[in-house]
Structure formats: C-alpha cells, structure tokens
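Colleague: I would like to go through this model and ask, for each label, what it rests on. Please give the cut-off each time a term comes up.

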Amino acid sequence: MPDAAEDWPDQIYALLKEHDIRQVALVPDAGHSRLIKRCLADNDIKVVTLTTEEEGIGMLFGAWLGGEKGVLLMQSSGVGNCINMLSVPIAHRTPLPMIVTMRGDYGEFNPFQVPMGNATQQVLEAMGTLVKRADAPEDVAPTVNATLRMAFNTYRPTATLIGQRVIGAKTFGK
C-alpha cells in the first residue's frame, strides 16, 4: 500500500474515472508509469501510445467530436513538440486537458532537459493554455481536478504541471 505522498497517480486515476475520461493519449514516461498501468488495466479506457506528443492533440480532438472525453499525458520535453498543434483546440474551442510531468526542474541531472523544463509553463500559456502547477503530492489531485473541470467547462486547453519535487529528480545511473 503506497503512502500518502506516493499515491497521487492513483488519485489522478480516480479523477479520470470521475470525469468519465474514456481515452488517454500518451508517450511513455516514467513519471506517469503507475497512472499508465492503471489506465491500461481498465477496459473502459482506451490508451493510445503516440509516436510524438502532438499526435495526441489531433486524437483527442477526434475523441471529443466523437462524444468522448480524453486526456493527454506527457513529459515537459514533449510540450515543445505540441506548440503548433495547440492552435487546434483554441481555434475550435475544444477541451484538451494535459497532465505534464516536469523535467529540467528541481534537481535535474540532464542539462538537455533544463531549457524546455524552464520554458514549459510560459510556452503553454503563450499558446492560450490555462496552466496550474502541483509541486507537492497533496496538491496533485486538486490541481488535476481543476484542470479537468476547466477544460471541459471552458472548452479550451488546460494543463497541470507536476513538478520534480513530486515525481523525484532522476539521476544518471546513480
């Protein structure tokens, strides 16, 4: 049984069910691994593994047009791949909730992750996305809940950024 500081992926999963999320688009990510496993084990959720993150925007646009809610899971480095496609949910006023695990953040070891990690929130906001951060485990569920509610109530892209203080800073094999 995970302790309270580690059960935030299970809390997100419960929120996906509560909000009737039927499709999850993702590029595999260690920060989301427990949540991904929960979604894969659920026959009511269709999980689509993407080649690149921007494909998820088109997929979830189609899901919405087909009457289903979805969410995009990605790492902050994938946000840069989505910049041009973020015009779709803005132009067509469609919900696009994103749950983003941060890299290049608190205690990052990989210098190549730092530039995008430092720019993630500003890039998303510049493209019209409503962004909230969760930097403590107890903030994850309420922040994701707000992100889902805002996406589906305002018909726009929204994002929760889950900081490295929550997911843990990776090391280079140490």
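Colleague: Where does Asp 20 lie?

Modeller: Asp 20 is in the loop between H1 and E1. Helices are DSSP runs of H or I with at least four residues, strands are runs of E with at least two, and both are numbered from the N terminus. This is a predicted model, in which local features need pLDDT of at least 70 and side-chain atom pairs count only at pLDDT 80 or more, while totals for chains, interfaces and linings use all residues. Residues are numbered from 1 along each chain as its sequence is written, and side-chain values use heavy atoms, with hydrogens and water left out.

Colleague: What is the phi of Asp 20, and is the residue buried, partly exposed or exposed?

Modeller: Its phi is near 55°, a positive value in a residue other than glycine. Most residues other than glycine have a negative phi. Relative accessible area under 20% is called buried, over 50% exposed, and anything in between partly exposed (1.4 Å probe, protein chains only). Asp 20 has 45% and therefore counts as partly exposed.

Colleague: What makes Arg 93 exposed?

Modeller: Arg 93 has a relative accessible area of 53%, hence the label exposed. Arg 93 sits in the loop between helix H5 (87–92) and E4, and its phi, near 50°, is again positive in a residue other than glycine.

Colleague: Why is Thr 160 called buried?

Modeller: Its relative accessibility is 0%, so Thr 160 counts as buried. The residue belongs to strand E6 (residues 157–162). Leaving aside residues up to four places away in sequence, Thr 160 touches Met 98, Ile 99, Val 100, Lys 132, Ala 134, Thr 143, Val 144 and Thr 147; contact here means heavy atoms within 4.5 Å.

Colleague: What makes Arg 34 and Asp 10 a salt bridge?

Modeller: A salt bridge needs a side-chain nitrogen of Lys or Arg within 4 Å of a carboxyl oxygen of Asp or Glu. The closest N and O atoms of Arg 34 and Asp 10 are 2.7 Å apart, and the pair forms a salt bridge. Arg 34 lies in helix H2 (residues 33–40) and Asp 10 in helix H1 (residues 8–18), so the pair ties together parts 24 residues apart in sequence. Arg 38 also meets Asp 10, at 3.0 Å from N to O. This second pair links parts of the chain that are 28 residues apart, in helix H2 and helix H1. Asp 10, Arg 34 and Arg 38 are thus linked in a network of salt bridges. The structure's count comes to seven salt bridges.

Colleague: Which residues form the aromatic cluster?

Modeller: Trp 64, Phe 152 and Tyr 155. Rings of Phe, Tyr and Trp (its six-membered ring) pair if their centres lie within 6.5 Å; planes under 30 degrees apart are stacked, over 60 edge-to-face, and the rest tilted. There are two aromatic pairs in the structure.

Colleague: What lies over the face of Phe 152?

Modeller: Lys 69, at 4.8 Å from the ring centre. The rule asks for NZ of Lys or CZ of Arg within 6 Å of the ring centre and within 35 degrees of the ring normal.
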